[in-house]
Amino acid sequence: EDGWATVGYDGTLHFEMEGPLPGPAPHPVSLDFEDHFEKDTLHLRWNFVRNPNRECYTLEKGRLTMKSGEDDLSTLRGTPTMIAVRQQAFAMEMVAKLSGDVEIGQYAGLTAFYNNDYHYDILITKEADGHYDVCLRKHVADIDVIVARQSIDYQGSIHLKMASDEEWYVFYYEKNGDFVELGRGRTSLLCTEITHTMTFTGTYWGLFTENGEIAVESVSVKEHN
C-alpha cells in the first residue's frame, strides 16, 4: 500500500498461512534417464570424480569404452575410471549392459559411490583358473572386503543392476534372462552422518573399471515407488 509491501495479517505472521503462489503450477520432474552412447559427446547427466583422464574414455557409436588408469575407486584423492550420475531419490534403480574381454584381476561393474572410503560395488572379474565371478565388494572406512561371490557363465556381455530404497542398496546380476540378487548393503553406511569425512556430497551411481578395459552399451536409471 502506497508503495510498501504488506506482510501477513495486518503486519503479523501466523504459523500457518494461505495464499496464492506466483506463476503457473509446477510440472513434475522426471529423474529417469537412458543412454545408449549414440552421440559424439557424453550426456550432461554424467559426472566424473575430479578431472578425468580423457584418454581412458572412448565414445563409439553405440558404446562407451572405459580403460583403467593408475587409480581405483579407493585411491585417496584419485581419479578413478568411472562415470556416474547423482542419486536424486531414495527409491531408484540402475541397469547397465557391460561387454568385452575381462582380464584376470580386473574389476568392472556398477558402484554406489560416496567417496573413496565409502562405496558398494557389484563387479565381474576373471579368476586365475579362467572362470568368471560376479562379486559384491564393500568399502566402509578402513574395511574393504568382498562379501558375496557367485560363479557366472560370462559370454562376453552381462546386465548388472542395483536398486535402492530408504534402507538398502540391492545388487543383482543377469542369469538366463532374469535378475538374481547377489547381496545388499545398508544405505546408512553411505550417508554423511556415518562417514568420518562428514562431507555433503551425496551418493553417485556409476560404472567403473579397474585393471583393465570394459565397454558400456546401455544404461538406464529410473525412479520407482
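**Figure 1. Asn-211 in the loop between β13 and β14.** Asn-211 lies in the loop between β13 (204-210) and β14. Strands here are DSSP runs of E with at least two residues, helices are runs of H or I with at least four, and both are numbered from the N terminus. Asn-211 has a positive phi of about 65 degrees, although it is not a glycine. Most residues other than glycine have a negative phi. This is a predicted model: local features need pLDDT of at least 70, side-chain atom pairs count only at pLDDT 80 or more, and totals for chains, interfaces and linings use all residues. Residues are numbered from 1 along each chain as its sequence is written, and side-chain values use heavy atoms, with hydrogens and water left out.

Figure 2. Asp-10 is found in the segment before β1. Its phi is positive, at about 55 degrees, although Asp-10 is not a glycine. Asp-10 is exposed, with a relative accessible area of 82%. Exposed means over 50% relative accessible area, buried means under 20%, and partly exposed is in between (1.4 Å probe, protein chains only).

**Figure 3. The whole chain.** The chain has zero helices and 14 strands. Read along the sequence, the pattern is β-β-β-β-β-β-β-β-β-β-β-β-β-β. The C-alpha trace spans about 85 × 40 × 35 Å along its principal axes. Of the 225 residues in the chain, 42% are buried.

Figure 4. The structure holds nine salt bridges. A salt bridge is a side-chain nitrogen of Lys or Arg within 4 Å of a carboxyl oxygen of Asp or Glu. Side chains of opposite charge can pair when their charged atoms come close. Lys-97 sits in strand β5 (residues 92-99) and Glu-217 in strand β14, so the pair ties together parts that are 120 residues apart in sequence. Salt bridges that share partners join Arg-63, Lys-97 and Glu-217 into one network. Each member is partly exposed: Arg-63 at 30% relative accessibility, Lys-97 at 24% and Glu-217 at 22%.

**Figure 5. The Arg-137 and Asp-121 salt bridge.** The side chains of Arg-137 and Asp-121 meet at 2.8 Å, N to O. The pair links distant parts of the chain, with Arg-137 in strand β8 (residues 132-140) and Asp-121 in strand β7 (residues 118-126), 16 residues apart. Arg-137 is buried, at 7% relative accessibility. Asp-121 is buried too, with a relative accessible area of 0%.

**Figure 6. The largest pocket.** The volume of the largest pocket is about 290 Å³. Of its 19 lining residues, the closest to the centre are Val-49, Arg-50, Phe-113, Tyr-114 and Asn-115. On a 1 Å grid over the protein atoms alone, a pocket is an open set of points with protein on both sides within 12 Å along at least five of seven lines, where a 1.4 Å probe fits; lining residues have an atom within 4 Å of a point. Strand β6 (residues 107-115) gives the largest share of the lining, three residues. The lining divides into seven nonpolar, eight polar and four charged residues. Here Ala, Val, Leu, Ile, Met, Phe, Trp, Tyr, Cys and Pro count as nonpolar, Asp, Glu, Lys and Arg as charged, and the others, Gly among them, as polar.

Figure 7. Val-7, Tyr-9, Leu-13 and Met-17 make a nonpolar surface patch of about 390 Å². Patch residues have over 30% relative accessible area and no salt bridge, and nonpolar side chains are joined within 5 Å. Val-7 has its place in the segment before β1 (33-35). Val-7 is partly exposed, with a relative accessible area of 45%.

**Figure 8. Cys-56 and Pro-80.** Cys-56 lies in the loop between β1 and β2 (57-60). Cys-56 counts as buried, at 6% relative accessibility. Its C-alpha atom is separated by 9.7 Å from that of Pro-80, 24 residues apart along the chain.

Methods. Patches are made of residues with over 30% relative accessible area and no salt bridge: like charges are joined within 9 Å, nonpolar side chains (Val, Leu, Ile, Met, Phe, Trp, Tyr) within 5 Å. Accessible areas come from the Shrake-Rupley method with a 1.4 Å probe; for residues, only the protein chains shown count as cover. Grid points are joined across faces, edges and corners, and a volume is the space filled by probe spheres set on the points.
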